[in-house]
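Me: Got a model open here and I'd like to talk through how its pieces pack. Can you walk me through it?

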Amino acid sequence: MPELPEVEVVRRGLERWVAGRTIEDVEVLHPRAVRRHPAGGVDFAARLRGETVGVPQRRGKYLWLPLAGRDLSVLGHLGMSGQLLVQPADAPDEKHLRIRVRFDDAAGTELRFVDQRTFGGLSLHDNTPDGLPDVIAHIARDPLDPLFDEAAYHVALRAKRSTVKRALLDQSLISGVGNIYADEALWRARLHYERPTATLTRPRSAELLGHVRDVMNAALAVGGTSFDSLYVNVNGESGYFDRSLDAYGREDEPCRRCGTPMRRRPWMNRSSYFCPRCQRPPRVVS
C-alpha cells in the first residue's frame, strides 16, 4: 500500500491541478468505488455537483479533498492499486476507471479514480472541528507534520509494551509509516524489528524518529517508491526510491554497511528485511 511519501506526492499533484476548481459532474462507473459512501453512487455524485475543491490535505497515509466553504471532505482510499489521475478530458478511458470527476472550467482536464483491484474508493464525510474527515479522527499526526509532538510520542512508545516495528506501524501512535519505510528506518538506526519498545531510551527513540523522517524525505525527493505500475503520481509517473532502498526487498544482497547478506523473515503476513550483523536480535530472557 502507498505510504506517506507516495500519498504526499499525489496530494501535491492534486493541489496543483485540482484545488480551486468547481465540480460540474461526477460519474461513478463501479459501485465498489463508493462502497464507503453508504448512500451510494447516485447520492455521492449529486452531493458533489457544484462544489469547489479546497486545498487537498493529508494525514499519514490518508488523503482528502476538502470542499470549500463546507464542513465536508472527499476522503480518498487508495488501497493496494488506487490511482488519482489528472487526465485530458479527451484521453481514452483507463481499463480500470472507476470514478470520473469533470470540472466547470476550460482547463481541459478531469480527475479520474482508477483502481485495478477495487480495494480503494472515494467517500464523502463530515469534518471534525480540526478539519479531518470524521472517520480518521483517531489517526495520529505523522512525523513530517510540524505539530507532531515528539515528547509525547517517546512516552507513548515506551509505554506501548510492544516491539519497535509494530509500534512504527501503529497509526494511533504515529501515522504514515508502513512496512517499507519501517524496515528502512530500522536499518539506518541499527535496530532489530523485534526490539521491545520498553528498552528504547529517549535518545535512541529520537534517533529512530530522525531516521524515519530522513528516509521519508529522501523518498519524497524522488517521487516515492514504485515496485510496479500500480503506484503513480497524478500524471501517471512512477517514483524512483526503490533504487535507493537499503533494506526492503534486498534479501541475500550484501548489507550496504557491513557486507553481510541481508535476511528476510515472515512478519505479520508481511516480510521484514534486516542485516543480521548490524541489527542484532534482542536477547531472550529465560
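Reply: Let's begin with a helix pair. In α5, Tyr181, Glu184, Ala185, Leu186, Arg188 and Ala189 meet Arg204, Glu207, Leu208, His211, Val212, Asp214, Val215, Met216 and Ala219 of α6. Contact here means heavy atoms within 4.5 Å, and helices are DSSP runs (H or I, at least four residues; strands are E, at least two), numbered from the N terminus.

Me: How many nonpolar, polar and charged residues are in the contact of α5 with α6?
Reply: That contact has nine nonpolar, one polar and five charged residues. Ala, Val, Leu, Ile, Met, Phe, Trp, Tyr, Cys and Pro count as nonpolar, Asp, Glu, Lys and Arg as charged, and the others, Gly among them, as polar.

Me: Before we go on, where do the coordinates come from?
Reply: This is a predicted model, where local features need pLDDT of at least 70 and side-chain atom pairs count only at pLDDT 80 or more, while totals for chains, interfaces and linings use all residues. Residues are numbered from 1 along each chain as its sequence is written, and side-chain values use heavy atoms, leaving out hydrogens and water.

Me: What does pLDDT average over the chain?
Reply: The average is 90, and 91% of the residues score at least 70. pLDDT is the predictor's confidence in each residue, from 0 to 100. Over residues 226-231 it stays under 50.

Me: Back to the helices. At what angle do α5 and α6 cross?
Reply: Roughly 125°, with the axes coming within 8 Å. That makes α5 oblique to α6: under 35 degrees is roughly parallel, over 145 roughly antiparallel, 65 to 115 roughly perpendicular and the rest oblique. Axes are lines fitted to C-alpha atoms, for helices over the stretch in contact, and angles run from 0 to 180 degrees between N-to-C directions.

Me: And how do α1 and α6 cross?
Reply: Their axes come within 9 Å and cross at roughly 40°. That makes α1 oblique to α6. The contact is made by Leu4, Pro5, Glu8, Val9 and Arg12 of α1 with Met216, Ala219 and Leu220 of α6.

Me: New topic: in what order do the strands of the open sheet come?
Reply: The order is β2-β3-β4-β8, with antiparallel pairing. Two strands pair if DSSP finds at least two bridges between them. At the edges, β2 (57-59) and β8 (121-126) each pair on one side only.

Me: Which helix touches β2 and β3?
Reply: That's α1 (residues 4-17), and its direction makes about 20° with that of β3. Helix α2 (residues 41-48) also packs on the sheet, touching β4 and β8.
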